[in-house]
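Please look over the sequence and the model shown here before reading on. The briefing that follows is grouped by topic, with cut-offs given where a term comes up.

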Amino acid sequence: MLTYRVPQRKVQVVVHLTRGEPQIGNMFVPSEGPGGAPMRLSDRLADSGDRFLALVQEDGSRLISRERIVRVEFLDEEYAGLERDPGAGNPVFVTCRLSDGALVEGTISYAMPPGRERLIDYLNNCNGFIPIRAGRLLSLINVHQVVEWATR
């Protein structure tokens, strides 16, 4: 019997959930997405077909609810470079307060059509995880877990 296996890339992350301590482990992302381009963890997190995602840890695996993920931080800087949106526009420095009380500051980059270039237009159009970069640290922020955004 043949078993179809999709090549996966292991990504070391810290997952912050709505409750409990942050969890360190590995998530797996298909090496290629539609069209042969590398698939990003943000794409995987945005896939509404996956209600639970596996987080593999030294002591076993946890199946975590995608909806309860507040943010994901990358421990693998090389992989974090793949998360950059190639069509992104000008960077904007933001501060966001999350449902777990955390305050995250960093830069987001986005591109929107003419007449809809404001940050509020971008945020209202998002339905998944937004990458925020603070120096070398990259976090994916669940837009459904953001209480407020601020800019300077």
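Arg-40 and Asp-43 form a salt bridge whose closest N and O atoms are 3.0 Å apart, a salt bridge being a side-chain nitrogen of Lys or Arg within 4 Å of a carboxyl oxygen of Asp or Glu. The structure holds eight salt bridges. This is a predicted model, in which local features need pLDDT of at least 70 and side-chain atom pairs count only at pLDDT 80 or more, while totals for chains, interfaces and linings use all residues. Residues are numbered from 1 along each chain as its sequence is written, and side-chain values use heavy atoms, with hydrogens and water left out.

**Salt bridges**

- Asp-43 is partly exposed, with a relative accessible area of 29%, where buried means under 20%, exposed over 50% and partly exposed in between (1.4 Å probe, protein chains only).
- Arg-97 and Glu-148 meet through their side chains in a salt bridge of 3.1 Å, N to O; this pair links distant parts of the chain, since Arg-97 lies in strand β6 and Glu-148 in strand β10 (residues 146-151), 51 residues apart.
- Arg-97 is partly exposed at 35% relative accessibility, and Glu-148 is partly exposed at 43%.
- Arg-116 forms a salt bridge with Asp-121, with 3.6 Å between the closest N and O atoms; Arg-116 is partly exposed at 42% relative accessibility, whereas Asp-121 is buried at 3%.

**Thr-95**

- Thr-95 is found in strand β6 (residues 91-98), strands being DSSP runs of E with at least two residues and helices runs of H or I with at least four, numbered from the N terminus.
- Thr-95 is buried, at a relative accessible area of 14%, and among the residues it touches are Leu-103, Trp-149 and Ala-150, not counting residues up to four places away in sequence (contact means heavy atoms within 4.5 Å).

**Strands β1 and β2**

- Strands β1 (residues 8-17) and β2 run antiparallel and are joined by eight bridges, where two strands pair if DSSP finds at least two bridges between them.
- Arg-9 has Val-29 in β2 as its bridge partner.
- Six of the eight residues of β2 (residues 23-30) are buried, so this strand is largely enclosed by the rest of the structure.
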